[in-house]
Amino acid sequence: MRTSIRAAAALTAVAAAVTTGVTTANADTHTGRSDDGGYGYTQVRKVVPDTAAHFTVTSPDIRNGGTIPADSYAGAAFGCSGDNKQIRLSWHGAPKDTRSYAVTMFDPDAPTGSGFWHWQTWDIPATDTELGSALPAGAVAGTNDAGQTGYLGPCPPAGDITHHYRITVYALDTPTLQLPAATPAALTRFTMSTHVLGTATITATARRS
């Protein structure tokens with residue numbers, strides 16, 4: 001009987017600790033977000049080490065904290081009819097040991113439980129410091145979460161919360177990730193995780209009424 005009581009008490013303590021931990025984590029990651037529709041947010045593990053440098057990325061198409069223009073929305077996909085114009089980027093100040101760059105665009109607000117990768121490109125030569133509509137020689141246009149190669153513009157569900165699109169340039173210590181274009185974004189990021197020297201991020205929003 002005493003063993004049963006002790007076991008029950010231990011289970012209760014574990015459950016309380018887990019509940020407290022989850023509540024705290026959600027509260028921390030939810031700070032400042034009042035438009036989540038009641039779904040809440042859960043922080044996933046970071047890929048970028050704390051020791052990574054920070055450099056600067058800019059765009060003639062968007063500003064940090066601004067909105068994504070309509071012509072950069074997805075075209076003929078998910079109910080959108082934009083031009084799917086790839087957002088142009090320019091960066092500077094990357095670590096001197098950089099041997100290549102990668103670029104991603106991620107929507108953490110997508111109602112998927114794992115966000116949505118709209119864009120991933122890697123093996124951009126270290127001599128290039130901008131990305132336009134055409135990829136430089138040797139660069140790989142990866143596959144987005146819609147199963148398409150290259151850039152896929154925003155198209156949040158109509159009436160949903162404001163979505164935040166994080167565009168990140170990664171400075172890597174390797175000239176190539178040696179990955180085929182069909183590699184899923186999660187595997188690309190896993191492979192990239194041990195090669196990140198620095199990052200530069202710009203975030204813009206989109207919302208459909």
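Modeller: In this predicted model, Thr149 sits in the loop between strand E9 (140–141) and E10. Its relative accessible area is 54%, so Thr149 counts as exposed, the limit being over 50%. Leaving aside residues up to four places away in sequence, Thr149 touches Ala141, Gly142 and Thr143. Ala181 is 32 residues from Thr149 along the chain, yet their C-alpha atoms are separated by 7.5 Å.

Now the charged pairs. Side chains of opposite charge can pair when their charged atoms come close. The count of salt bridges here is two. One joins Asp61 and Arg88, with the closest N and O atoms 2.6 Å apart. Asp61 is in the loop between strand E2 (56–58) and strand E3 (75–77), and Arg88 is in the loop between strand E4 (80–81) and E5, so this pair ties together parts 27 residues apart in sequence. Asp61 is buried, at 17% relative accessible area, while Arg88 is partly exposed, at 35%. The other salt bridge is between Lys96 and Asp97, whose closest N and O atoms are 3.5 Å apart; Lys96 is exposed, at 78%.

Last, the cores. The largest nonpolar core has 31 residues, and those with the most contacts inside it include Trp91, Val103 and Trp119. Strands E5 (89–92), E6 (100–107), E7 (116–125), E10 (163–172) and E11 (196–206) each give it two or more residues. A second, separate core has ten residues, among them Val140, Leu177, Leu179 and Met192.

Technical notes. Residues are numbered from 1 along each chain as its sequence is written. This is a predicted model: local features need pLDDT of at least 70, side-chain atom pairs count only at pLDDT 80 or more; totals for chains, interfaces and linings use all residues. Side-chain values use heavy atoms; hydrogens and water are left out. A nonpolar core is a set of buried Ala, Val, Leu, Ile, Met, Phe, Trp, Tyr and Cys residues joined through side-chain atoms within 4.5 Å. Buried means under 20% relative accessible area, exposed over 50%, partly exposed in between (1.4 Å probe, protein chains only). Helices (H or I, at least four residues) and strands (E, at least two) are DSSP runs, numbered from the N terminus. Contact means heavy atoms within 4.5 Å. A salt bridge is a side-chain nitrogen of Lys or Arg within 4 Å of a carboxyl oxygen of Asp or Glu.
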